[in-house]
Amino acid sequence: MPDELRLTGITKGYLGVQALKGVDLTVRRGTIHALAGQNGAGKSTLIKIISGAETPDGGTMHLGGELKRFREPIDAQNAGIHTIYQELSLVPSLSVAENIFLGQLPRRGRTAVDWSTMQSGARAALDRVGFDLDVRRPVGSFSVAEQQAVELAKALHKDARLLLLDEPTSTLPLPDVERLFTVLRSVAEQGVTLLYISHRMDELYSLCHEVTVLRDGRKTAEFDTTTSTPSDVVTAMVGKSLQGSIADAALRGERSPRLGSGKTGDVLMAVSDLSEDERVEGVSFELRKGEVLGISGLIGSGQSELAGLLAGARRKSRGTIKLDDKAMVFKNPRDAIRRGIGLLPQDRKAEGFVPDMGVAGNITLASLPMFSRFSVIDSRAEKRVATQMVERLGMKVSSVNQPMKTLSGGTQQKGILARWLARSSRLLICDEPTRGVDVGAKEDMYELIRDFARAGGTVIISSSEITEAMMCDRVLVMARGRVVAEFEHDDIDPQGHALISEFA
Amino acid sequence: LTGCRGGGTTASSEDKASGKGLVIGWSQRGISGSDWWKTLVDGGRSQASSVGATVDVLDANGDTVRQNADIQTLITKGVDVLVINANDPIGIAPSIAAAKAAGIPVVTVNSNLDPSLVPDTFCYVAEDQGATGALAGAVAAKKAVEKFGSTGEIKIVGIGGFPGDVLTDLRFNGFMKGFNSVVSADPGITVNQLPTKYGSWKPDQALGPIRDVATANPDLKVVYSMSDVMNGGVVQGLQQAGIYGPGIILASYDGGMVSVKTMQDDPTGPLQADASNQPWDQGTTAVKMALAAYNKDQTKCPDKTLYIKTTVVTPDNAASYYKADDTYVRAQDSQ
Amino acid sequence: MTNNTLTGPPRSQSPQAPDARPATTALDVVKHLLPKSYLLLVLLAIIIIGYYVSPDFLTARNAQNVIAAASITAVLAIGQFFVILTGGIDLSVGSTLAMSTVIIALTLQSGMNAGLATGVTLAACAFAGLINGVLIVWLRIPPFIATLAMMSAIKGFSYIIQSTSLIQITNQAFINAFSSGSWLWVRNPVAIFIIVAVIAALVAKFSTFGRSLYAIGGNSEAARLSGLPVARNLLITYTLSGFLAGLAGLIAAAQLQQGSSLIGVGYELDAIAAVVVGGASLMGGKGDPISAVIGVFVLATIINIMNLVGISSEPQLVIKGAVIIIAVFLSSAGGVQRISGFFSSHFGRSRSAAAAQ
Amino acid sequence: MTNNTLTGPPRSQSPQAPDARPATTALDVVKHLLPKSYLLLVLLAIIIIGYYVSPDFLTARNAQNVIAAASITAVLAIGQFFVILTGGIDLSVGSTLAMSTVIIALTLQSGMNAGLATGVTLAACAFAGLINGVLIVWLRIPPFIATLAMMSAIKGFSYIIQSTSLIQITNQAFINAFSSGSWLWVRNPVAIFIIVAVIAALVAKFSTFGRSLYAIGGNSEAARLSGLPVARNLLITYTLSGFLAGLAGLIAAAQLQQGSSLIGVGYELDAIAAVVVGGASLMGGKGDPISAVIGVFVLATIINIMNLVGISSEPQLVIKGAVIIIAVFLSSAGGVQRISGFFSSHFGRSRSAAAAQ
Ligand SMILES: Nc1ncnc2c1ncn2[C@@H]1O[C@H](COP(=O)(O)OP(=O)(O)OP(=O)(O)O)[C@@H](O)[C@H]1O
Ligand SMILES: Nc1ncnc2c1ncn2[C@@H]1O[C@H](COP(=O)(O)OP(=O)(O)OP(=O)(O)O)[C@@H](O)[C@H]1O
Ligand SMILES: [Mg+2]
Ligand SMILES: [Mg+2]
């Protein structure tokens, strides 16, 4: 098969960061080609350069043998390159139909929007990815998963020759992932070339033909998925052998080790009939000290809302939360934090950290009173604790004053975890703790949670990933805002079918 | 201050001819924050109540567009006569036309209208800005000659409201006319007139420009503040530049009681002249003319313009003008 | 781990059956253009209050006057609306309006014919708007600062070209066209603002340009990545705002029969307040031009009523501030929902408390 | 299913040893407080130009005057800085300043002693700021609109209490304390603003309150979820802005020896421009108070120079606009990097082109 896309010597630097240091990449026509690499390896930067969203500092790009230079995304689109970016690029206030056609709204006459063409086109596009939404409603009124479907429809409805997909499944429920893969395979069979990014090795190996691995802005290896294993890819990503590690075991299909172990008899938290309008309905459970409790469910089933309610980030409409047998009213996160509860929010960038503030500032954000006397920050103590945290959590930073926004996703996530460790929280509520986090950092996160539980901490993990739920002591399964099932760790089968069958 | 509601339905026209029950609609270009305008309106009100008439005042806050709307509102309310203190000479042309169409006579006060509009008005009541400015100019020149001798250069700067604002032009040109008429007797004197500064008629805005012009021209001799309102800033600016004191002559305009007091207390101080334009008298006269207009008695204002008599207050006569309870100098006979 | 090749469970989304009827009958167009009803209700409430407190309020003359006086701010507010829709702000429109009056007065004074003079003036004002756009798009100066600087620069420029004090306008054709004339019983300035408002509403709702402004204001990065010409459309928007400020200036010049740099101080703030009262968000992406116009009338009507009942101008300033707060609270700050939410929860709670007894 | 207790993976990250040296020597404090150097360079360049074009510029007297006059705007800008740091804006400070002059003049006139009168005035202004905060935090009115409405309401209020136009201040203790007096050769207003600036810089850099404002402006949701008292700190910030506007008003009142509602018009815009020239972002989360003060001096110095060389006031407005644009382009809009980037890429390209020949 001829080369559809050929990149040579692509370089790109941001202020202080060399994101790409001369990348060569060749993608054959009609194949699904994967890009793998740790957080911050430069995958998204490469995608942005191909799609015209960023201009490279150096290097060349050939599409179908022709030299191309894109100045704006529209140039790439005109050349048949369509993209799903890592960050949702939808306009929440506009209708689904308009979002799908954004950039080239169908016209009637010279300037008027042709609404009926657009709406029927949008319905057809959604139908292709297996969704049926009211295309006239604003996108912002749909769940994250539905928004991701709109994003897919937006990229897929056009006649593409090259499709770029940057972690399209990170916010997609499992069944929809399968449906997406079916669509992508059929698209590829029609001769469209796909470049696919994901941190999930199983996806790469079920969908893609080839994998290119980036590390620190350079291409380090290329594999054929029929003749290689995920371990090979991860080894190339990390730059050393994983032989014998948890990550390696996980990649080989072994069940990840249990997270909790310190479960005791004392009840830490007792929740009864907890509800929030239509999003959470009558949830009751007891949480024991040292336990790691999973809240599992498809994206949109209300696990995030439940996590938010328990952490005081949202307001309940009904029900009670008892902590140490005392009824609590969390008016805001502050109330919950005072009681030793910490939340790792699911949307790291929007809710997790202050981008321009340094690592140390972000780590001490929830415990400023402990780092200050008479409201004066004790910079020395702050720096000392931040340095300890950075070392303990294995965060890759150049200094504790490095702005948080310049860190990789995994390191950012560890920084937020460090915030709650510095606060000596006793209950950690993790909402999708490893979303968008690379394989190595993911295992690091599990190890840190395990350490936390071992030291007597209690953890709630709200997750839509089956494997994550299966690592917990106990799993509540949610669907449509209700708890529909409860499993002890040992009652779950190795593939997690028991959980999945309850998701409906 | 609630005005009177409703049109002149309560009083008979005979009563109104004497002023009783007459409703005067008064459109001010501004009131808030200005004692001058307040005194003007108060003069009008006091005169009106003395004859049994009422005054309904609307304040356009310095916006001509809004003043047009205000006048339309007054016409809508059915007032018997309009007194207008116009924000600019031609901007209220539509309102003058509307008043004419509604058969409501118009008296203008304090600020003049364009000649094209004058035929449709009954009377213009004001001080003669040029002549009043000239009064101050003449006194300032006399004092300057006394102080600096009859040879040499006299550097003058004026500070007014805005670039391209009629009031500033009239008051400054009048002042220079009065000034030159005196110093022209002394051929040894050359008058060096610096470009006019603008302080938006506000004390804080006047400070910077005066301070800087005085810093760059330490030999400045005469400063003319075209409104008493700005004097606080002007004095402070001159002080900061280090030339406030015996070497400078300050002239001003308006006849505010604070300035009168200053001259009375410190007769040899920089402030040596304050031309007075008697807002109270303008207000009372305007209401008198409004009554005449209602009675169509053009003999009261034969030339369609009635300049009230103005004076200039100097350290020599300050004591006779000082009235602690007033804010602006009034005509001596009306007190 | 093995591949999760699972059978898809039935989807959790229950799609609402989309209405397939094309949305473009004439009635639908009108329905689309009408703003959310409660802002109209606020205006109606104010009008009813006006009717009760002043017998002069609901007279044809007064109504005509209020509308004619508001037409200047309304035209400004429409231009401002588009700027705010993109998430920007234009503080320079008051100065541009003043410059417009000066340029039209100068060109007419020089003997240019009214049509050409109008064209020259509007072009100059649009150019001033374009400079705003260039500063914002190319130099990446934040809109607030760029237009603040231009507010000063344009004011200075119009002082310079004005050179004397105010310049009288005597050209009757011009005065007629923009102020005193009327067309089918509607005064010309009113006709102008109605035409501008209708075109603006159509553009905002039905044109690709209008939709792209919503996209830019809603998420400008998404708009750019989707291939919309963000830079070009921002340039057009600021140019349009300058153009409409120029048009408002023509109405003002014809009404005042003069050109003067002193006109228009603070109009930008009135226009911005009206746009936000009309439900737009200063973050961009929300609102519609007709609501902005209604916002203008809410504020103008209240001032008119206060004048009619004889409230003096100092308390008027306080009341105006309070009205802006209340109107914005009810419109863009979601106050209606919050109040009704508060009452329903309060009512619900007391009911359940009663039931518990 | 049994637990697969595997050995933990080798950590892929090798943490670079962060610098553990204590950061709180006195020298470090000073270094921390100093702003990015090139804004100082811009000011220095302006001063050098001033020295060459006007012999009066670098005299002790003129320097003192410029600094004393700028102290009013500087105090305002410091308050505004904190508001902008949280991502807000305060348009009401000009009116609050005017109200402050009126209240102090009235209280002194009534015979209250200077200290008490000062306290009453500052409390009233802080209260006005608190109302801003309440509107923004509790009613969720956007800061621009809330403070715009308050700008009108406070102005109306101070007109009402003023009742006559100019209230003279004759209390020498007061005038001395806030204007004419001096302390160790530094004039009192200058001493006041230096003290305020230093406290502000320390608060911004070293206090938990300052830190939380950076967090709120940088990402208010993250700040909320981290348990910071967002609402309370916003209330404090707007109260502080009102308080500092009141303090600026005291300086103005002492300088002009009067209380008047007429003063302070447009000061809020000067303060905002200065803060942004000083490198802060209107989106919040960035900047420092000392840079904001330098921003004030950049603008004040340029106007002083223009006045000294006798540039008339019309072109001054144009130049002021241009200076704001250039200064903001160089500071917050990242112009320095972009220009150097442009030159290096241009230079680099031409070099490589030469190499290719
Ligand atoms: N706009 C930007 N400004 C500054 N640095 C950036 C910017 N975008 C990316 N970077 C940096 O460039 C490097 C590569 O980032 P990139 O987003 O391409 O990584 P990635 O491989 O996609 O990571 P992830 O798996 O977390 O998505 C990182 O160090 C990142 O911090
Ligand atoms: N602010 C909101 N306004 C209206 N509806 C909302 C809002 N937030 C969530 N919803 C609705 O509530 C339901 C749950 O949505 P949401 O995506 O937040 O669930 P979730 O469990 O957090 O899933 P995910 O894991 O996406 O992140 C969806 O149907 C969504 O449309
Ligand atoms: Mg990425
Ligand atoms: Mg979720």
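How are H13(C) and H14(C) oriented to each other? Let's start there, keeping in mind that this is a predicted model. Helix H13 of chain C covers residues 289–308, and helix H14 of chain C covers residues 313–330. Their axes come within 11 Å and cross at roughly 150°. An angle over 145 degrees counts as roughly antiparallel, so that is how H13(C) and H14(C) lie to each other: roughly antiparallel. As for handedness, H13(C) and H14(C) make a right-handed crossing.

Now look at who touches whom in this pair. Sort the residues where H13(C) meets H14(C) by class and you get seven nonpolar, two polar and one charged.

Stay in chain C and find helix H7, residues 172–180, along with helix H11, residues 230–256. Here the axes come within 8 Å and cross at roughly 110°. Since angles of 65 to 115 degrees count as roughly perpendicular, H7(C) and H11(C) are therefore roughly perpendicular to each other. The crossing of H7(C) with H11(C) is left-handed. On the H7(C) side, the contact is made by C:Phe174, C:Ile175, C:Phe178 and C:Ser179; on the H11(C) side, by C:Leu247, C:Leu250, C:Ile251, C:Ala253, C:Ala254 and C:Gln255. Eight of the residues in this contact of H7(C) with H11(C) are nonpolar and two are polar, with no charged ones.

Next, hop over to chain D. Its helix H7 (residues 172–180) packs with its helix H8 (residues 188–206) at an angle of about 60°, and the axes are 6 Å apart. From H7(D), the residues D:Asn176, D:Ala177, D:Phe178 and D:Ser179 meet D:Asn188, D:Pro189 and D:Ile192 of H8(D). That contact between H7(D) and H8(D) has four nonpolar and three polar residues, and no charged ones.

Finally, zoom out to where chains C and D come together. The size of an interface is often given as the accessible area lost when the parts come together. Between chain C and chain D, the buried area is about 3100 Å², and carbon and sulfur atoms give 83% of it. Each side takes part with 38 residues: 38 from chain C and 38 from chain D. On the chain C side, the residues that lose the most area to chain D are C:Phe144, C:Ile145 and C:Ile325, together 18% of what that side buries. And how many salt bridges are there between chain C and chain D? The count is zero.

Key: Residues numbered from 1 in each chain as written. Chains lettered and ligands numbered in written order. Predicted model: local features only at pLDDT ≥ 70, side-chain atom pairs only at ≥ 80, totals over all residues. Heavy atoms only, no water. Axes fitted to C-alpha atoms, helices over the stretch in contact; angles between N-to-C directions. Helix = DSSP H or I, 4+ residues; strand = E, 2+ residues; numbered from the N terminus. Parallel < 35°, antiparallel > 145°, perpendicular 65-115°, else oblique. Left-handed = near helix turned anticlockwise from the far one by under 90°. Nonpolar A, V, L, I, M, F, W, Y, C, P; charged D, E, K, R; others polar. Contact = heavy atoms within 4.5 Å. Buried area = accessible area lost by both parts, 1.4 Å probe. Salt bridge = Lys/Arg side-chain N within 4 Å of Asp/Glu carboxyl O.
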